[in-house]
Amino acid sequence: MVRRSRVRRASSGKRVAPGKTYRLLVEVGPHETPRNLHHFRLDHCCMPQRPADENGVRRLHAFASGSTVKALRKAGRKVKVLADADKEGKRLQRHIGKGDRFRGGRRGPVGVGKLV
Amino acid sequence: MALILNTTEIASALINFEATYPELCRRLQLPKKTYEGRVCHALQIAKGHAQHKPVVLIIAGVHAREWGGPDIVVNFAGDLLRAYSKGKGLQYLKKTFLARDIRTIVEESTLVVFPCVNPDGVEFSHTKRYLWRKNRNPAHSKGDAKKIGVDINRNYDFMWDFKKFFHPAAWTDSLASDNPAIETFHGPEPFSEPETQNVRWLMDRFNPV
């Protein structure tokens with residue numbers, strides 16, 4: 001008997017695993033609001049949202065589990081998986097400063113503005 | 001790529017500003033420690049201490065995973081102090097603020113910056129779970145790590161009781177939640193959290209803001 005993989009292939013080509021978290025775009029109809037997706041419990045709080053594209057298509061930028069991605073697709077929703085959120089987070093965490101570059105206050109930030 | 005400020009560096013930056021520009025700013029120790037025992041500070045920037053000047057309060061680092069806010073606030077404060085002390089203006093790409101604009105801010109208003117309202121959450125997002133949003137209060141978790149924390153930006157008293165103020169059709173997770181497992185859990189009552197209490201303290205101290 002062929003053992004079925006637990007990993008589901010995403011329509012965007014990215015595989016999703018049920019227990020992992022993904023950053024994704026979910027297509028929203030022209031007369032819909034995030035309320036229409038409420039039962040999927042997407043995490044889109046304070047996420048940057050893109051305006052509608054040239055065709056008037058809107059997509060909700062959110063985080064969701066692999067299980068939720070599967071449920072969205074089963075419900076006929078178009079989902080584009082942008083990133084494995086956990087891997088993306090680990091990569092971003094490498095950009096957090098280590099230690100104390102300001103040495104307890106003995107040094108200070110230079111700032112980003114140019115004096116004129 | 002410039003490295004993002006960690007919570008230690010945010011605190012050290014304020015210490016440096018106070019030491020470097022003692023005539024222009026002073027650190028304010030907020031009254032409430034976080035759940036993990038952190039002491040928070042804000043920075044008051046003003047030339048002189050006239051009571052009638054309008055007060056502007058800028059806060060950041062409320063939702064832990066929204067990185068960059070504390071950096072923006074710290075760098076803005078540093079730029080402002082640096083420019084004023086040298087009698088200069090500031091330019092950010094194509095936008096220029098003249099020296100007189102800088103003088104107006106420092107001499108005709110009181111600016112209060114609180115760059116890291118939720119240092120426990122920010123630290124957790126920086127070092128453990130990137131997607132973390134709330135503070136780190138476990139009081140309502142019943143031992144479940146996924147239920148730790150209160151959304152500080154839902155813990156203020158303005159329309160805290162969302163079910164009273166909003167139609168049921170608007171009750172989504174992004175509005176607010178009374179479920180500790182949800183990212184927008186508003187806490188057991190308004191201002192239940194030390195982080196929110198610290199912001200309220202600043203609002204009361206500098207009333208009106």
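The legends below describe close-up views of a predicted two-chain model.

Residues are numbered from 1 along each chain as its sequence is written, chains are lettered from A and ligands numbered from 1 in the order in which they are written. In this predicted model, local features need pLDDT of at least 70 and side-chain atom pairs count only at pLDDT 80 or more, while totals for chains, interfaces and linings use all residues.

**View 1. Confidence across the model.**
The model scores ipTM 0.89 and pTM 0.91. pLDDT is the predictor's confidence in each residue, from 0 to 100. Chain B averages 95, with 98% of the residues scoring at least 70. Chain A has a mean of 87, and 88% of its residues reach 70 or more. Within chain A, strand β1 (residues 8-9) has the lowest confidence, with a mean of 44. The highest in chain A is β6(A), at 96. Over residues 4-13 of chain A, pLDDT stays under 50. For that stretch the model has 16 contacts beyond four places in sequence. Helices (H or I, at least four residues) and strands (E, at least two) are DSSP runs, numbered from the N terminus.

**View 2. The contact between chains A and B.**
Chain B brings 39 residues to the contact, and chain A brings 32 residues. Two residues are in contact if their C-beta atoms, placed from the backbone, lie within 7 Å. On the side of chain B that touches chain A, α1 (7-20), α2 (69-86) and β4 (90-92) of chain B each supply at least two residues. The most comes from α1(B), with nine residues. By class, this side of chain B has 15 nonpolar, 15 polar and nine charged residues. Ala, Val, Leu, Ile, Met, Phe, Trp, Tyr, Cys and Pro count as nonpolar, Asp, Glu, Lys and Arg as charged, and the others, Gly among them, as polar.

**View 3**
Three strands form an open sheet in the order β6(A)-β4(B)-β5(B), with antiparallel pairing. β6 of chain A and β5 (95-97) of chain B stand at the edges, each with a single partner strand, so one side of each is left without a neighbour in the sheet. Strand β6 (residues 114-115) of chain A runs antiparallel to β4(B), and two bridges join them. Strands pair if DSSP finds at least two bridges between them. Lys114(A) has Gln91(B) as its bridge partner in β4(B).

**View 4. The four-stranded sheet of chain B.**
This open sheet has the order β1-β2-β6-β3 (chain B), and its pairing is mixed. β1 (25-29) and β3 (55-59) of chain B stand at the edges, each with a single partner strand, so one side of each is left without a neighbour in the sheet. On average, neighbouring strands are turned by 20° against each other, direction ignored. Five bridges link β1(B) with strand β2 (residues 41-45) of chain B, and the two run antiparallel. Arg26(B) finds its bridge partner in β2(B) at Gln44(B).

**View 5. Helices α1 and α2 of chain B.**
The axes of α1(B) and α2(B) come within 11 Å and cross at roughly 15°. Axes are lines fitted to C-alpha atoms, for helices over the stretch in contact, and angles run from 0 to 180 degrees between N-to-C directions. The two helices, α1(B) and α2(B), are therefore roughly parallel to each other. Angles under 35 degrees count as roughly parallel, over 145 as roughly antiparallel, 65 to 115 as roughly perpendicular and the rest as oblique. The crossing of α1(B) and α2(B) is left-handed. That term applies if the near helix is turned anticlockwise from the far one by less than a right angle, and right-handed applies if clockwise. From α1(B), the contact is made by Ile10(B), Ala13(B) and Phe17(B). From α2(B) come Pro70(B), Val74(B), Ala77(B), Gly78(B) and Leu81(B). Seven residues of this contact are nonpolar, one is polar and none is charged.

**View 6. Helices α2 and α3 of chain B.**
α2(B) also meets helix α3 (residues 99-108) of chain B, where the axes come within 9 Å and cross at roughly 105°. That makes α2(B) roughly perpendicular to α3(B). Leu80(B), Ala83(B) and Tyr84(B) of α2(B) contact Ile102(B), Arg103(B), Ile105(B) and Val106(B) of α3(B). Six residues here are nonpolar, no residue is polar and one is charged.

**View 7. Two backbone details.**
The peptide bond from Asn207(B) to Pro208(B) is cis, with omega near 0°. Pro208(B) lies in the segment after α6 (194-205) of chain B. In chain A, Arg103(A) has a positive phi near 50°, in a residue other than glycine. Arg103(A) sits in the loop between α2 (85-93) and β6 of chain A.
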